[in-house]
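Please open the model in a viewer and keep the sequence panel at hand.

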Amino acid sequence: MKKPYLRHTDCKDAELDMEKGLTADKIPSFATLSDEERRALSDILVVQKVRKKQMVVKDGQICHYMFYVCKGLLRQFYFKNGREITEHFTCEGNIAYCIESIFKNKPSHLMMETLENSELCLIPYAGLVELSLLYKGIAEWLRHFLENNLILHQVKADSWRFESARERYERFLREFPTVAGRASVNDMASYLLMTPESLSRVRSAVSNVAGKKSGYIQKIEEE
């Protein structure tokens, strides 16, 4: 079944609720901004309320925005041998974007969809770059954001290369504690480079260990 596509210029079809004047206070603080810089950043932001299972970026579309998740959950994915492979999850308080597409202004094969009814703050990357040329604080914000994002991608790549299936799952629980109970088993399995069956076995093993540990602690406390 073809997924619906979120068209940023068609509010009626996508049933979007556009809100003006969003304050930059919603965006993570990667640098200290002056009041003037915060107002300038606020002026380019747009909020959209998007329904569950709506495509935010589709295959072949150029990604022009960074998507800050005010509420809800996003999944980035691509197709390989006819299968959907989850690349990343983005929940409240975090930012998602298609790296190569937004930097090189080229069509993306990495797609993005909402897994829940979501409220997204759209940050136009071109506008952010323009502001970074005018304001030192915004330039610092952008630099720190990109540095932080590169580190996160390196950590993820190292996890895939060097960690076992169980270690990858335990890391997922630490880094995305709320997502584990909100995303489907199939989506999580593809993100963790496992089959759904393998993920179920790992989850069961981790749950059993946690249960035994909890029981052991309780016994000690009772004694």
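Are phenylalanine 172 and tyrosine 191 buried or exposed? Select the two residues in this predicted model: both phenylalanine 172 and tyrosine 191 are buried.

**First stop: the aromatic residues**

Phenylalanine 176 belongs to the loop between H6 and H7, whereas tyrosine 191 belongs to helix H7, so the pair ties together parts that are 15 residues apart in sequence. Both phenylalanine 176 and tyrosine 191 are buried.

Now widen the search to the whole structure, where 12 aromatic pairs are found. One of them joins phenylalanine 172 and tyrosine 191: the ring centres are 5.6 Å apart and the planes stand at 50 degrees, so this pair is tilted. Phenylalanine 172 is part of helix H6 (residues 165-175) and tyrosine 191 is part of helix H7 (residues 185-191); the contact therefore ties together parts that are 19 residues apart in sequence.

**Second stop: helix H5**

Select residues 136-162, which make up helix H5. Then colour the buried residues of H5: Gly137, Ile138, Trp141, Leu142, Phe145, Asn149, Lys156 and Ser159. When viewing their arrangement, recall that an α-helix has 3.6 residues a turn, so residues three or four places apart point the same way.

Display helix H2 (residues 35-44) together with helix H4 (residues 125-134). Their axes are 10 Å apart and the helices pack at an angle of about 160 degrees. Because that angle is over 145 degrees, H2 is roughly antiparallel to H4. The crossing of H2 and H4 is right-handed.

Within helix H4, select glycine 127. Its relative accessibility is 16%, so glycine 127 counts as buried. Next, draw a C-alpha to C-alpha distance from glycine 127 to isoleucine 44: the residues are 6.8 Å apart in space, although 83 residues apart in sequence.

**Last stop: a charge over a ring**

Finally, select arginine 75 and phenylalanine 77. The charged end of arginine 75 sits over the ring of phenylalanine 77, at 4.1 Å from the ring centre.

Technical notes. Residues are numbered from 1 along each chain as its sequence is written. This is a predicted model: local features need pLDDT of at least 70, side-chain atom pairs count only at pLDDT 80 or more; totals for chains, interfaces and linings use all residues. Side-chain values use heavy atoms; hydrogens and water are left out. Helices (H or I, at least four residues) and strands (E, at least two) are DSSP runs, numbered from the N terminus. The expected span of a helix is 1.5 Å times one less than its number of residues. Buried means under 20% relative accessible area, exposed over 50%, partly exposed in between (1.4 Å probe, protein chains only). Rings of Phe, Tyr and Trp (its six-membered ring) pair if their centres lie within 6.5 Å; planes under 30 degrees apart count as stacked, over 60 as edge-to-face and the rest as tilted. A charge sits over a ring if NZ of Lys or CZ of Arg is within 6 Å of the ring centre and within 35 degrees of the ring normal. Axes are lines fitted to C-alpha atoms, for helices over the stretch in contact, and angles run from 0 to 180 degrees between N-to-C directions. Angles under 35 degrees count as roughly parallel, over 145 as roughly antiparallel, 65 to 115 as roughly perpendicular and the rest as oblique. A crossing is left-handed if the near helix is turned anticlockwise from the far one by less than a right angle, and right-handed if clockwise.
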